[in-house]
Amino acid sequence: MSLIKCSACSKPVSSRAIKCPYCGEPTFPSVEPAQFTKKQISEWGWISLGLIILGMYLLDLSLEHGNMFYVLGMLVGASGVLGLMCWAFMGLSYLTGQ
Ligand SMILES: [Zn+2]
């Protein structure tokens with residue numbers, strides 16, 4: 001069991017308590033479950049970057065092995081770009097959520 005700070009009155013409240021015993025404020029908003037951790041954000045960035053590199057590699061393979069690799073490379077690369085866009089959004093929400 002640990003103590004967290006009440007988001008309304010800043011008094012110490014048990015992390016198991018549903019409401020602050022002093023002012024009745026629900027305790028869960030101070031836990032901030034929607035926030036991503038720095039580790040999650042950096043992992044997401046590396047995975048997206050990896051997908052883009054893999055996509056470029058597949059596009060390169062398509063020169064020798066045909067259109068199947070081209071389509072695959074485009075799909076993988078596009079999901080990597082999409083991932084990077086989400087990553088930028090996650091990073092931004094992390095910075096502004098402090
Ligand atoms: Zn309180």
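Visitor: Where is Ser10 placed?

Guide: Ser10 sits in the loop between β1 (3-5) and β2 (12-14). Keep in mind that this is a predicted model.

Visitor: OK, and is Ser10 buried or exposed?

Guide: Ser10 is exposed, because 12 other C-beta atoms lie within 10 Å, and the cut-off for exposed is 12 or fewer.

Visitor: What about the phi of Ser10?

Guide: That phi is near 65 degrees, a positive value in a residue other than glycine. Most residues other than glycine have a negative phi.

Visitor: Zooming out, how many helices and strands are there in the protein?

Guide: The protein has two helices and two strands. Starting at the N terminus, the order is β-β-α-α.

Visitor: And how much of the protein is buried?

Guide: Of the 98 residues, 10% are buried.

Visitor: Let's switch to Ser62. Where is Ser62 placed?

Guide: Ser62 belongs to helix α1 (residues 38-65).

Visitor: Why does Ser62 count as partly exposed?

Guide: Ser62 has 17 C-beta neighbours inside 10 Å, so it counts as partly exposed. A residue needs 20 or more to be buried, and 12 or fewer to be exposed.

Visitor: Which residues does Ser62 touch, leaving out those up to four places away in sequence?

Guide: Ser62 touches Asn67, Phe69, Tyr70 and Gly73.

Visitor: How far apart in space are Ser62 and Leu72?

Guide: They're 9.1 Å apart, C-alpha to C-alpha, and ten residues apart in sequence.

Methods
Residues numbered from 1 in each chain as written. Predicted model: local features only at pLDDT ≥ 70, side-chain atom pairs only at ≥ 80, totals over all residues. Helix = DSSP H or I, 4+ residues; strand = E, 2+ residues; numbered from the N terminus. Contact = placed C-beta atoms within 7 Å.
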